[in-house]
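Subject: Structure for you to look at

Hello,

Here is the structure I promised to pass on. Please have it open while you read the notes below.

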Amino acid sequence: MQINENGEFRPTIVAFCCNWCSYAGADLAGSSRASYPADVKIIRVPCSCRVNPMFILRAFERGADGVILCGCHPGDCHYSTGNYYARRRMTMLFGMLDYLGIEKERTRVEWVSAAEGAKFSATMNEFVSAVKELGPNRKLRDLRCKN
Amino acid sequence: MEVNELQKIGVFVCWCGSNIAGTVDVAKVAETLKNEPGVVFSTDYQYMCSEAGQLIIKNAIKDNGLTGIVVCSCSPRMHEATFRKTAEAAGLNPYMVEIANVREQCSWIHKDMEEGTEKAIILGRSAVAKLNLNTPLIAGENPVTKRALVIGGGIAGIQTALDIADAGFEVDIVEKKQTIGGKMAQLDKTFPTLDCAACILTPKMVDASANDKITLYTYSEVDNVSGFVGNFTVDIRKKARYINTDVCTGCGACTEKCPSRKTPNEFNMGLDTRSAIFIPFAQAIPNIPSIDKNACLHFKTGKCGICQKTCGVNAIDFEQEDEIVTREYGAIVAATGFNPIKVDKFDEFQYSQSPDVVTSLELERIMNAAGPTKGKLVRPSDHKHPTDMVFIQCVGSRGESCREKGYCSKICCMYTAKHAMLIRDKYPDVNVHVFYIDVRTPGKNFDEFYRRAVEEYGVDYIKGMVGKVSTRSNGRLLVQGSDLLANEQLLLETDMVVLATAIEPDESVKDLATMLTASIDTNNFLTEAHAKLRPVESPTAGVFLSGVCQGPKDIPETVAQAGAAASKVIGLLCKDKLIANPCVAKSEELLCSGCSVCANVCPYGAITYEEKEVNDHGVRETRRLAQVNSAVCQGCGACTVACPSGAMDLQGFSTRQIMAEVDAICK
Amino acid sequence: MSENTNLKESILRTSGVNPKKCMKCGKCSGTCPAFDEMEYHPHQFVAMVEKGNIEPLLNSKSLYYCLTCFACVERCPRSVEPAKLVEAVRLEVIRQQNQNHLTANDIPAKLDSEIPQQALVSAFRKYAK
């Protein structure tokens, strides 16, 4: 989270993208110059199933305001079934976050194929504005992590 | 735990002309990243990927004794491989390279210089944080057994085997029936050229059997598959034929003398009967009979044995048993083919009630010169010449209910046009009506073929579906269907009804998929590695797909796919060693509890368990531990998250590395 | 138009039918024993409801020639279930007339365990007019 000089809230968004579909989709968004806010920072993982729910909790703990996980469309996973595992794991995590009282709009799973550059940027625009609406993540932040 | 030495990291920020430098202050990025932990060198240059740019990197590595490099440039999908080679040339481990994507994911999508620069710094910082935890990875090597296995001896399997053998590799075909040839051997003519199926198939069957690189295992099934790409071990069950194949001459005297002649002939779709000792058809390969134990009087009563007395070379061996052959292969091709679905659930079409309602494959046998009627078109019920015929399309295809398949079977439109045309050509007195929902004829010369059936041969195409078929008292059939274009309900009296039956993958594919750890979809078709870009490979390395086992297709497509699968196999077998992707899962022995969760989620069957002695802080004991086969693991990481004890980690994308990236971004 | 849309929504809701699933094969009309009596045939029912062209159906006698034999429901490859749509249109007519002659109290006396419930309800709807 960051508040700039105009008092505008600039969220920190972590996006986990699978190497085969969504990361390529993000590249396509770039090469077709489909812009989305600079608040989004992408971490490349081989498959959405590599994303441990712990990573998402860690991001929130370290001050992220939103986390989005992007994978191949169901049935298109490079590793056949990885995104199904990701989907189930995230469903469990979302249930837990909900229980903890974290707004469910702060986390999201999206399927973006390598051909969906426009969808990638639209998704990111939408997600960032949704997170902006919510304001900074204060509940899960571990204040000890901040100097 | 492995301890990382202190890294000495070099950061190289690329301008990419103005592509990056236009919206990112590259000098500032380089300057700022210099302060990151581990960074000892940082610079920027116009084109890092150019010869000169690569030289800068190489020199910096040598001059500063760098242990790893971060390149802030375009997408790693573009130049990661380039920079890995550069690093390797300068003596670094290629996996000590990280790319910060500051072009596609930064400069190209942001317009504000300040914003872009800030994000580029964060991306660079994240790459440095990850690189600090990188360890040199060494790609493993595995030898390749230079022999291929083709499962299924239809046109797909035969063509694949011929192409592999052509390239000089040994190849075995396993066919569960008594002869190779598959469904194509049962066909009469083939669309769209109407050449006879036997005339183009049987020479290929002969080629396959005569080729000294090809070994045929007919009447055999795959019992077990173990191993991985390049090193499969397969158990093949040679079912007992009760014939000594080494001495049998295929004279066929036994089949003529056999007194048990009441078994429905599978090859003729049950339209006639065969003897208990039989050769499926005249051109069968191998041309050797086998005994059907369930029909044979000797096996049922212990009395007969006429064949044994008839045989001049004493080839009959009632004592024969199944034999298991174990062989090693480098690659496996699945070519298990298809079957028409059972239509007995479609009561509205009277298939089970009237012999004059036949499936298209049955009609193929009726029309075939070598078939039960010697190619004469007759009504099965009374062997009279028909004057009216009705074809019903999409029987069991494109439906939603449990008796139907959700997909289009693809070949039916064309073979129905073929049947209609052949009948009108041979018997102009027969009226042919085709009820269709859509006529789908994409393919070279396909639509022209269908139009010819309508325009030249006068086949009556009716847009609509048949609702009901009933038997009249005069023995003919009454077809009630709709003509949607005329908005009428039609009642047609006809002699025969032909159902264009949907096709489904052969039953055996389910067990096979489990053995091969190849995945099948909800319709039991084998899944390809990528729907567009890798259509003949299974997601499991070393397993390839050929023919209808992957999805409905006609003969030209099957042959094309068979050739494509063969070329993939050849590409694999001509390598002496396989270099594995080193970014694979690895289990930490002291943390592993042997719970099997990782093995259950692994889509490749790469994880096995081993009883192993460990030294856990001075305590020596034997534990059940997960072992990842790095040659089979594709590095998806599903196991790493599933592992409840945190023992499983993915090299190159380790938990610590990803956490470090998260931390760097959220700092 | 909006009234038509409401009408369509209401029919789709009461029938539970999704006419978009129809692949226009015509098996329903090929099956229908009352086809010749009908002005609008089963496949037309589906197409007309899908288009929102419902007025003509409300006023057509075709509605009452449907025997509710459910052959079309049984045989439809796409599980569109045209007969349920016909039944829903009939219900719509009754609702608009606001004159349902059947009261809940009459039903127990008319029950016969041999008759399928669905047929019973359909018949009452038809003959209660």
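What percentage of the 129 residues of chain C count as buried? The figure is 36%, where buried means that 20 or more other C-beta atoms lie within 10 Å of the residue's own, with C-beta atoms placed from the backbone.

Some housekeeping comes before the rest. This is a predicted model, in which local features need pLDDT of at least 70 and side-chain atom pairs count only at pLDDT 80 or more, while totals for chains, interfaces and linings use all residues. Residues are numbered from 1 along each chain as its sequence is written, and chains are lettered from A and ligands numbered from 1 in the order in which they are written.

Chain C

Chain C has nine helices and zero strands (DSSP runs, of H or I with at least four residues for helices and of E with at least two for strands, numbered from the N terminus). Of its contacts between residues at least 6 apart in sequence, 70% join residues at least 24 apart; a contact means C-beta atoms within 7 Å.

How the chains meet

Two pairs of chains are in contact, and chains A and B share the most contacts. Chain B gives 36 residues to that contact and chain A gives 34. On the side of chain B, the largest share, eight residues, comes from H18(B). This side comprises 17 nonpolar, 12 polar and seven charged residues (Ala, Val, Leu, Ile, Met, Phe, Trp, Tyr, Cys and Pro are nonpolar, Asp, Glu, Lys and Arg charged, and the others, Gly among them, polar). Chain A and chain C are not in contact, and their closest C-alpha atoms are 22 Å apart.

A pair of helices

H6(B) and H7(B) cross in a left-handed way (the near helix is turned anticlockwise from the far one by less than a right angle). Among the residues that meet there are B:Ile158 and B:Leu162 in H6(B), and B:Leu201 and B:Met205 in H7(B). The residues of this contact divide into seven nonpolar, no polar and two charged.

Regards

Notes. Buried ≥ 20, exposed ≤ 12 C-beta atoms within 10 Å, placed from the backbone.
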